[in-house]
Structures are given as structure tokens and as C-alpha cells.
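Student: I am new to this structure and would like to learn how its pockets and residues get their labels. Could we look at it together?

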Amino acid sequence: MAKDKSIYTCSECGGTSPKWLGKCPHCEAWNTLVETVAQPAGSGKNRFASLAPTAELQVLADIEASDVARTPTGQEELDRVLGGGIVDGGVVLIGGDPGIGKSTLLLQALDALQRSGMPTLYVTGEESGAQVALRSRRLGLDNSQVPVLAETQLEKILATLDARKPGIAVIDSIQTVYSEQLTSAPGSVAQVRECAAHLTRAAKSSGTAIVLVGHVTKEGALAGPRVLEHMVDTVLYFEGDTHSSFRLVRAIKNRFGAVNEIGVFAMTERGLKGVSNPSAIFLSQHAEPVPGSCVLVTLEGTRPLLVEIQALVDDGGPSPRRLSVGLDRDRLAMLLAVLHRHAGVACLDQDVFVNAVGGVRIAEPAADLAVLLSITSSLRGKPLPKGFVAFGEVGLAGEVRPAPRGQERLREAAKLGFSVAVVPKANAPKKPIEGLTIHAVDRVDEAVAVLRSA
């Protein structure tokens, strides 16, 4: 196959250059020239034309629309994140730290789909077929019939997809795949973008669901161009500490389901197993209540989770530290100012450390009230009552704002045996919840008063 001529295009102004330069000759921006394939002069057909077939103008009300069919993967937690299962022609991008279990989870899912009768394909560019076979034996996937292709050249992968027509194919990983049309190395911006575009076109035209495994940078973001995330239908992030046995799979983008949905897995000798009651892993087992510990009912996608928030307040001297793990550090500083101004609880000369137990990352502001109560409990040296939960957003004026879907949070807490809840007044249920005493508060000082009277 003859190689196409490549040119270098500026990502800032769109100007082109026949060779790579450190500075764009048009807009003079540095390090913006990216290799692309040059279209032959007079070329009438674009190679991506099949991605956007010609369609007639239609009114929305006249278009027939039905729910997309889904195929369960055999991993209930993975199906939850995907929105119920894989979709024909859907493209999924999954990223995570090295060694966290991406290949393990996908190999387990492929084996389950193969055993259910769906034709599958596992393309590995980072390992040999023997290494994949050894992993399958370690996972207990005896006599697995999943076809494995150890290949990195895009054209050969596309030919195999066209010949075998699998129902689902895994590309592990997209950073190792290269196209002969480009001269740059695998993993470069041009190669990743070009290969992902061709694989997306193949998925949409053939109906094969394709799962792309992506590398991440040291900051934790997916490596390669950001357009990669726009191109695919679903983006999943594998989270968790490699020193812990628990892993979280979080949906950041999903055209076929809810975003910010999470699946919880436990790493065992036989691979990743779904955790049916994830709240249990985020709660510490204390024989007696301890100061500085408050249970938060947070919401991850459609699932209420109970997470323990721990705070430690200690003498800090002239330059006190504020440190948070799993929570926003800037928000912690704001909450300490609100606690001082509106509740009269000062931590000016104290070190304040806050931690979300279990390695979970909490981004929603409904954690504010639980953080404030755990800090107050640690400062006073007095534990919260047994079976105590809290949630609610705190504003700079000292008000406690409601959290979305408060009724579901309270029902989840009651189901797990919690007996006392401090919640925003707007989240107070109209009918009492059996076994749960609810304190509805409007302001931060009211919440601290409840804590002092407990």
C-alpha cells in the first residue's frame, strides 16, 4: 500500500506546512503543528464520507425513534455503568492507571459474551497472545474461545474486523495502533486521532461494538487529543488505588445512559468481581463512635452511597495546614471560613485534615454539611451519635441548601440501619421514615446546635 503524503497543520490557526517546525509560520504559535494526511489534489471523495451519509431533512416529530438494544456483558456493575449493556455499533473508550485492571475486566467480559454466543475479538498491541492466554488461565477462564489478534497495524486490524465481523472487539490499546498513511510514531496525536476515526467508522458501518483502551497521563487524564473523547459514544475511567482491592469504574460521557454512574469492583485472585453493596466498603467498622467521623449519603449517578468522612483537627502553630483527600481542598478552606463566621467555631490556629474513606472521590457539594460536622466533632473531641448521617450544601451566607434526590438518600440510610439524620429543611420528607429521626436545618449554626445537644 502506497503511503499517502502527510502535511503539518497548526491546531491554533489551521495553517499548513510541508514539514514540522517548532513555530507555526502563519500565527507564530509554538509547538502547534500536528501531522495529518494530505488529501490528493482533485480528490472528489473524502475518506470519512461514510461517517456522515446523505439524509433527507425531517421534522423531529416525524422521525421514528426506539430504544437501542443492549447486550449484557455478564458483569452487572459494568452493565450499570454502560447503561444496561453494550450497544451495536457503539464505541467505548476506557482509561485508567497502569495495572489497575482494564485488560482483566475486558477479558472477563469478552469471555462471558463469547460463552453466550456472541462472536468476539481481542486485539492486543501491548502483549503477545501467550501473555493474554496466561492471564485468562490465572482468571480461571478455562477453555476460553475468545479469538486473540496480536497486531498494531490499523489496516490489518480493519481487515480482520471485516472478515470475522465480531459482535464486539476490544483494542488494547489505541496508543499502540498505527496507520501506514502516517509516518509519525504510534501514540502520537495524529496516529491516535486517525486510528480512532477509522475504527469509529468501522463500528458505525458494520454494527460491531468496539472498546478502545486508552492510556492516561500522570495527571490522570486520557492521553492523546481531546477529540478522542468527543469521537466515541462512551468514556469510562477506571479509578482506585493499586494498593487497595477495590476499583471504581465511572462513566464520564455516555450517549446511551446516565453519566457519573459508577460500578464498584473488588480485585480477587480470580479477577474483578462486582460489589453488590458498595456502601459497606466505604464505612469503617468502629466498635464505638469516634470523634471526627461523620457518614455522608452521597449520590453517584443513580446510586446513593454511604461514605465515611473523617476529620482530624490538631494544633497547627503559626502556619496551620489544610489538607483533604478525596474532597476539593479549596472548598475545605471555604467551609472553615463559613464555620467560623456563622457558627462561631474557629480553627484559625489548627491543622485540619479531611479524608473520604475508601479512596472514593466526592465532587458534589452535598458533602459540605458532613465535612463541617466531622470537623466540629474532632475539634470538640466528642463523637457523633451512633447511626448518624448528614448531607447538604453549605453557602457562604451560612444557609444549608437542599441536595438532589434527598428522599432516596434517606431511604438508603434507613435501609442500612442508620437512625439519626441532619438534612436541609427542603429535603425533609413529608411522611416520617421508619426508624430514622430527622433533624431539618436551615443554617449552619442550627446543625452545630443539633450536634452539641446530641
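Student: Which residues does the UniProt annotation "binding site" cover?

Tutor: Good place to start, and please keep in mind that this is a predicted model. In the unreviewed UniProt entry, the annotation "binding site" covers G96, D97, P98, G99, I100, G101, K102 and S103. The lining of the second largest pocket takes in G96, P98, G99, I100, G101, K102 and S103 from this set.

Student: What makes a residue part of a pocket's lining?

Tutor: A lining residue has an atom within 4 Å of a point of the pocket. The second largest pocket, with a volume of about 280 Å³, has 17 such residues, and P98, G99, K102, S103 and E126 are the closest to its centre. Helix α2, residues 102-115, gives the largest share of this lining, 3 residues.

Student: How is the lining of the second largest pocket divided by class?

Tutor: There are 5 nonpolar, 7 polar and 5 charged residues in that lining. Gly counts as polar in this scheme.

Student: Why is D97 called partly exposed?

Tutor: Its relative accessibility is 35%. Buried means under 20% and exposed means over 50%, with partly exposed in between, so D97 counts as partly exposed. You will find D97 in the loop between β6 (91-96) and α2.

Student: And why is G101 called buried?

Tutor: G101 has 8% relative accessibility. The cut-off for buried is under 20%, so G101 counts as buried. G101 is also found in the loop between β6 and α2.

Student: Which residues does G101 touch, not counting residues up to four places away in sequence?

Tutor: With heavy atoms within 4.5 Å as the test for contact, G101 touches F238, M267 and L272. On that basis D97 touches K102, V216 and F238.

Student: What is the volume of the largest pocket, and which residues are closest to its centre?

Tutor: The largest pocket has a volume of about 510 Å³. It is lined by 21 residues, and those closest to the centre are S284, V295, K386, G387 and F418. Strand β15, residues 293-300, gives the most to this lining, with 3 residues.

Student: How many residues of that lining are nonpolar, polar and charged?

Tutor: The lining of the largest pocket divides into 12 nonpolar, 6 polar and 3 charged residues.

Conventions. Residues are numbered from 1 along each chain as its sequence is written. This is a predicted model: local features need pLDDT of at least 70, side-chain atom pairs count only at pLDDT 80 or more; totals for chains, interfaces and linings use all residues. Side-chain values use heavy atoms; hydrogens and water are left out. On a 1 Å grid over the protein atoms alone, a cavity is a set of points where a 1.4 Å probe fits but cannot get out, and a pocket is an open set with protein on both sides within 12 Å along at least five of seven lines; lining residues have an atom within 4 Å of a point. Grid points are joined across faces, edges and corners, and a volume is the space filled by probe spheres set on the points. Helices (H or I, at least four residues) and strands (E, at least two) are DSSP runs, numbered from the N terminus. UniProt positions are given in the numbering used here, feature names are shortened, and annotations may be inferred rather than shown by experiment. Buried means under 20% relative accessible area, exposed over 50%, partly exposed in between (1.4 Å probe, protein chains only).
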